[in-house]
Every structure is written in C-alpha cells, then in structure tokens.
Amino acid sequence: MKKWKQITLAAFLCTWVVTSSQSTSALRANEFEGNEDAWVKRCSVAQSSSEMATKCAQFKTYYAKQSTQLQNEVSSLKKQISALDDNIDKLAAAVKKQASLVKTIEKKIAMNEASIRLINSDIKKLNKKINALQRSIDERNAIIIKRMQDEQATIGTNMSLEIIMGSQDLLDMIRKIDGLNRINEQDQREIDKIKEEKQEQNLQKSEKVRLKTALEETKRNNEKAKKEAEEVRKQKQVLLDKFRKQEEALDEKMRSVKVDISTIQENMINITNAPNGSFNFTTSGKLAKPVNGSISANSFYYPNGGVHLGLDVAVSLRTPIYAPANGVILYANNPVSTNSGYIGNTTGYPAGTGNSIQMLTRVDGTTYALSFFHMAQENFSVRAGQKVSKGQLLGLSGNTGNTTGPHCHLEVINLGNMAIDTAISRFQSTADFAWGNGWGSAGLANVCSVKGPPCREHPEDVYGYR
Ligand SMILES: [Zn+2]
C-alpha cells in the first residue's frame with residue numbers, strides 16, 4: 001500500500017462503511033464495531049440486567065442502521081452503474097455510427113479518386129488530339145509557305161504584274177489569279193477547319209480541367225470531413241473507455257461494499273471449543289523473510305513523510321510468499337483478480353488490502369500476528385484455520401486493492417506472551433487486523449517503542465530486512 005494508506009487504513013476496521021456516509025464514523029468508535037456477531041449472540045438470549053438490556057437495544061439500533069446504510073450504498077451504486085450503463089450503450093452506438101460515417105466518407109473519397117483518374121486520362125487523350133491538330137496546322141502552314149515561296153520564285157516578287165504581263169489574254173490572266181486565290185482559299189478553309197476542331201478540343205479540355213478542379217475540391221472537402229469525423233469518433237471512444245473504466249471501478253466498489261461481516265466471518269478462523277494447546281506450535285530463532293525483493297517503503301513513514309504502518313517489498317507479480325514461521329492462518333481471502341489494484345481501491349478486508357492473509361505465530365515465547373496484503377488471486381494456498389509450517393507457500397504477490405503497483409505490504413503486531421488460544425478467540429470476536437492498535441497516524445501511538453504489546457513492530461526488524 002502506498003501513499004493513500006493513512007487514509008484507507010483508518011477505515012480498515014470497517015470495510016463496508018468506508019465508502020458510506022459520515023454518520024458511520026460516529027458508529028465506528030462504539031464497542032459494537034467489529035463485534036457484531038458476538039453481540040448478536042449475547043443479545044439473542046434473555047438479559048439478566050437492565051444495563052445489558054439497554055445495551056442490547058442500542059446494539060439493535062446500531063445493527064439496523066448499519067444494514068440500512070449498506071443497502072442504501074448498494075442501491076446508490078446500482079443506480080450509478082445503471083446510469084453509466086445507459087451512457088455506455090448510447091456512446092457505443094454513437095461510436096459505431098461515427099465509424100460508419102467515416103466509412104461512408106471514405107467511399108466517397110474513393111469515388112472522387114476514381115473520377116479524377118478517369119478525367120485525367122480523358123485530359124491526356126485530349127492533349128494528344130490537340131497536339132496532333134496543332135501539328136497538322138503547322139504542317140499545312142509549312143506547305144502553304146513553301147508553295148508561296150515556290151510560286152514567288154517562278155512568278156517573281158512583282159507577282160500581279162508578272163501574271164498580267166505573262167498572260168496571253170484576259171481570260172488566261174483571270175484564270176491564273178483566280179487559281180492562285182482558290183489554292184489559298186482552300187488551304188485557308190482547311191486550316192480554319194482544323195483550327196475550329198482544335199478550339200473544340202480545347203474547350204472540351206478546359207471543361208474537363210474545370211471538372212477535375214471541382215472534383216479535387218470535393219475530395220479535399222471529403223478528406224477534411226473524414227478527418228473531423230474520425231476525430232469525433234476518437235473522442236467518443238475515449239469517453240466510452242472512460243465510462244467503462246468508471247463502471248468497472250463502481251462494480252469493484254460495489255463488490256467491496258458487499259463484503260459484509262458475514263463474508264469476513266467466512267474467511268476468518270472458525271474454531272469453537274478448541275482444546276487448550278491445540279495450536280501449540282513454536283518456532284525458535286528469527287522469523288524468516290516471507291518474500292524476497294527490494295524495499296520500496298519502510299515503516300512507519302513513507303519516504304515522503306506520510307504514515308505507513310507496514311513495510312513495502314517491491315516484487316514482480318506472482319512472486320512466492322512463504323510462511324515466516326510455523327503458525328495458524330487467522331484470515332485468508334482472495335476476492336479480486338491479481339492485477340486489479342489502483343490508488344483509492346477499497347477491495348478486500350481490511351479495505352484496500354485486496355487479497356489478504358493474517359497468520360498467528362509464536363517465536364521464542366512471543367506471539368505475533370503477521371499480515372500480508374495485496375496478494376495475487378491465483379495460487380492462494382491457505383485457508384483460515386489452516387496450520388502452516390515455516391517456509392510453506394502462502395500465495396503469490398499481486399497488485400490488488402489500494403496500490404500503485406505490484407508489491408507485498410507486511411505488517412507485524414507483537415502480542416507479547418498472549419496464549420495462542422486467547423489470541424484466536426480474540427481475533428474471532430474482533431476481526432481486527434490491528435489488534436486494537438488502530439490505523440493511520442493513530443497507529444503511531446501504538447508502536448512497540450512507545451508502548452507494550454499488543455503493539456506494532458517494524459517488519460524490517462522482525463523479518464531481518466535490515
Ligand atoms: Zn504499504
């Protein structure tokens with residue numbers, strides 16, 4: 001657990017009240033807190049004193065209030081989730097619609113491109129024709145010029161005079177002049193015809209060029225529209241992803257809220273009338289390191305100064321965690337998936353611990369409660385009430401609950417010379433991972449350098465991490 005620990009830990013004791021209204025903080029301080037089952041038992045028989053009868057009446061009110069608050073929380077979460085569901089459905093449909101709009105525009109662009117290709121090939125053909133016509137005009141002009149040059153050579157520069165003088169009679173003269181004119185006129189007509197054709201082709205070409213320009217403009221507009229539609233689709237997708245994440249978080253929160261006392265009881269050691277000494281295990285020497293890795297945050301402060309009641313060992317996901325000594329499992333539950341942790345996540349018991357274990361051991365006459373938080377869901381190898389031997393696999397490290405990444409958070413409570421049986425029955429009636437030492441900055445008043453057991457030890461010292 002990282003920076004947010006001090007906030008979440010303060011509420012560890014009462015998992016499902018963490019997220020509900022402030023009025024619960026008033027309840028949190030009372031003697032029923034965490035002892036609900038014992039009080040249910042105590043109050044379900046006739047009371048011998050009026051003092052107890054009053055207490056039972058108070059408990060009944062408290063219990064009913066808790067239940068109502070829990071139900072309110074669940075129904076409020078349900079409402080939030082269903083509202084989100086609605087939004088998600090609408091957004092998903094919008095994203096789909098937007099994607100199909102992008103596709104439609106893409107089709108238009110493809111059609112634009114095909115038309116432009118076609119027009120380009122038409123323009124190419126027209127250019128060829130125009131060039132051919134121009135060549136034909138040039139050729140005809142060249143022929144005319146050549147002929148005139150030839151005629152001038154024979155007729156001389158003073159062409160009209162030569163014709164007049166060289167003509168045998170008027171008719172011959174007229175014929176000669178007329179012939180010359182006819183030749184020129186015919187040429188001219190042909191040239192005009194070709195020119196006309198060329199002009200026609202040029203007109204066609206300019207119309208094609210105009211069409212092409214218009215099409216290119218349409219294509220550019222379509223491309224712009226596509227870019228915009230794509231951007232809108234992306235933004236809608238981002239929002240959709242955000243909503244989905246929110247829904248996941250709400251689902252997770254609801255699951256956490258639903259972890260009520262009975263669920264906690266289910267995962268807690270449940271031994272009634274255990275004969276004294278049935279858990280007479282002892283270990284001598286030091287406790288072993290439960291997991292190997294580098295220390296990312298010491299106890300009882302984070303490097304930035306915030307209160308941190310445990311030791312964080314940074315390890316990659318699914319690193320084995322072993323029992324540091326012989327002992328018995330007090331609590332074990334793995335309700336969440338291995339890599340589901342994030343800051344503010346309240347899953348698990350105590351809230352925010354994700355998949356968690358607490359075990360009891362006794363080393364050289366001192367009893368310890370040892371906590372392991374944020375574990376993996378798979379290969380969770382022990383159950384409440386199970387005896388474990390030193391070095392036995394408890395489970396794997398994970399990234400669950402209130403975390404910023406994969407790590408194992410270790411806490412050690414020194415219970416002094418408390419008998420194992422006493423410790424078990426005390427845990428059964430309180431389910432208190434802190435053994436009365438509190439959480440957050442309140443926990444600092446209960447460290448072993450300040451007061452006697454039960455008190456918080458530096459896990460670094462107990463496990464020999466330093
Ligand atoms: Zn931590």
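This is a predicted model: local features need pLDDT of at least 70, side-chain atom pairs count only at pLDDT 80 or more; totals for chains, interfaces and linings use all residues.
How many bridges join β11 to strand β12 (residues 455-457)? Three, and the two strands run antiparallel.

**Strand β11**

Strand β11 covers residues 407-414. Eight of its eight residues are buried, so the strand is largely enclosed by the rest of the structure. Burial here means 20 or more other C-beta atoms within 10 Å of a residue's own. His407, His409, Glu411 and Ile413 point one way from β11. Cys408, Leu410, Val412 and Asn414 point the other way. Both sets are buried.

| Partner of β11 | Residues | Sense | Bridges | Facing residues |
|---|---|---|---|---|
| β4 | 311-314 | antiparallel | four | Val313 and Cys408 |
| β8 | 366-375 | antiparallel | six | Tyr368 and Asn414 |
| β12 | 455-457 | antiparallel | three | Glu457 and Val412 |

At Asn414, the bridge partner is Tyr368. Val412 is bridged to Glu457 of β12.

**The nonpolar core**

In soluble globular proteins, nonpolar side chains tend to be buried together. Here the largest nonpolar core has 47 residues. Ile269, Ile329, Leu330 and Met359 have the most contacts inside this core. The elements that give two or more residues to the core are β4, β6 (327-333), β7 (355-363), β8, β10 (393-396), β11, α8 (420-430) and α9 (459-463). Strand β8 gives the most, with six residues.

Which residues does Ile269 touch? Leaving out residues up to four places away in sequence, the contacts are Val328, Ile329, Leu330, Tyr331, Ala384, Gly385, Ile424, Phe427 and Gln428. Ile329 and Leu330 are on that list, and both are also among the residues with the most contacts inside the core.

**Helix α8**

Which residues of α8 are buried? They are Ile420, Ala423, Ile424 and Phe427. Seen down the helix axis, these buried residues fall within an arc of 100°, so they line one face of α8. An α-helix has 3.6 residues a turn, so residues three or four places apart point the same way. The cover over the buried residues of α8 includes β6, β7 and β8. Two of the buried residues, Ile424 and Phe427, are touched by Ile269. Just after α8, Ala431 takes a positive phi of about 50°.

Definitions and conventions: Residues are numbered from 1 along each chain as its sequence is written. A residue is buried if 20 or more other C-beta atoms lie within 10 Å of its own, exposed if 12 or fewer, and partly exposed in between; C-beta atoms are placed from the backbone. Two strands pair if DSSP finds at least two bridges between them. A nonpolar core is a set of buried Ala, Val, Leu, Ile, Met, Phe, Trp, Tyr and Cys residues joined through C-beta atoms within 7 Å. Two residues are in contact if their C-beta atoms, placed from the backbone, lie within 7 Å. The arc is that of the directions from the helix axis to the C-beta atoms.
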